[in-house]
Amino acid sequence: MTLQKLLPDDIEALAQRVVDENKAAGRKIVVAESCTGGLVSAALTEIPGSSSIFDRGFVTYSNEAKMEALGVPLEIIETFGAVSIACAWAMAKGALAASNADVAVAISGVAGPGGGTALKPVGTVVFARVVRGHEGAPEGELKKFEPTSRADIRSEATICALELLLP
C-alpha cells in the first residue's frame with residue numbers, strides 16, 4: 001500500500017514541529033483563516049495527535065463571515081480593509097475569544113490572480129498573533145509574496161502562519 005501525501009514535505013514537517021512544540025509547552029491553538037482557506041488547519045490536522053493542541057479553526061473568507069464569526073468590527077473593514085493588520089488582529093482576537101485556545105493566529109490576503117490593488121497587490125498577506133493573557137500592542141506582520149501563482153502564495157502564507165504558531 002502506497003501512502004499518499006496530502007501536503008508538501010516542508011509544510012508537513014513544520015506542522016509536526018508546531019504540534020510537538022505546543023504539546024511540550026502545554027498550549028492549545030486556534031487559527032482564523034481567509035486567503036489560506038483552511039490550509040493551516042489542514043496541515044495541523046494531518047499530524048497524528050494534533051487534537052491535543054488544535055482547538056479549532058475558522059475559515060472566514062467573506063467580510064460578513066469575519067464580522068459574524070469573529071466579531072471583526074465593520075469600521076475596521078471599511079477603514080483599513082480585510083487585508084490589513086488591524087483586520088487580522090481583530091480576527092485573531094475574535095478567534096481566541098471564541099475558543100479554548102492559548103494562542104491564535106489569523107491570516108488574510110490577496111492570493112490572486114485578481115483582486116489586487118496598487119496599495120495591496122496580489123501576494124499581499126497579513127498575519128496576526130494573539131496570546132491569551134498578554135496585553136499590549138498587536139503582534140502583526142504584512143508580507144508581500146512574489147505573485148508566482150495562487151497556490152504558491154497560499155503555500156507561503158501557510159508556512160508563515162505555522163511559524164507564528166511555534167512557541
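**Close-up views of a predicted model**

**View 1. Lys-5, Asp-9 and Glu-12 form a network of salt bridges.** A salt bridge is counted where a side-chain nitrogen of Lys or Arg lies within 4 Å of a carboxyl oxygen of Asp or Glu. Between Lys-5 and Asp-9, the N to O distance is 3.3 Å. Lys-5 is partly exposed at 45% relative accessible area, whereas Asp-9 is exposed at 54%; buried means under 20%, exposed over 50% and partly exposed in between, with a 1.4 Å probe and protein chains only. The whole structure holds six salt bridges. The model is predicted: local features need pLDDT of at least 70 and side-chain atom pairs pLDDT 80 or more, while totals for chains, interfaces and linings use all residues. Residues are numbered from 1 along each chain as its sequence is written, and side-chain values use heavy atoms, with hydrogens and water left out.

**View 2. Arg-17 and Glu-21 pair within helix H1 (residues 9-25).** Their closest N and O atoms are 3.0 Å apart. The two residues are four apart in H1, which means that about one helical turn separates them. Both ends are partly exposed, Glu-21 at 29% and Arg-17 at 41%. Helices (H or I, at least four residues) and strands (E, at least two) are DSSP runs numbered from the N terminus.

**View 3. Strand S4 pairs with S3 and with S5.** Strands count as paired if DSSP finds at least two bridges between them. S3 (residues 103-109) and S4 are antiparallel over seven bridges, and six bridges join S4 to the antiparallel S5 (residues 139-144). Val-125 of S4 is the bridge partner of Gly-109 and also stands opposite Lys-143 in S5. Seven of the eight residues of S4 are buried.

**View 4. Lys-143 and Glu-141 form a salt bridge.** Their closest N and O atoms are 3.5 Å apart. Lys-143 is partly exposed at 26%, as is Glu-141 at 34%.

**View 5. The largest pocket has a volume of about 210 Å³.** Of its 14 lining residues, Val-130, Val-131, His-134, Glu-135 and Gly-136 are closest to the centre. Helix H5 (85-97) and strand S4 (124-131) each give two or more residues to the lining. On a 1 Å grid over the protein atoms alone, a pocket is an open set of points where a 1.4 Å probe fits, with protein on both sides within 12 Å along at least five of seven lines; lining residues have an atom within 4 Å of a point. Points are joined across faces, edges and corners, and the volume is the space filled by probe spheres set on them.
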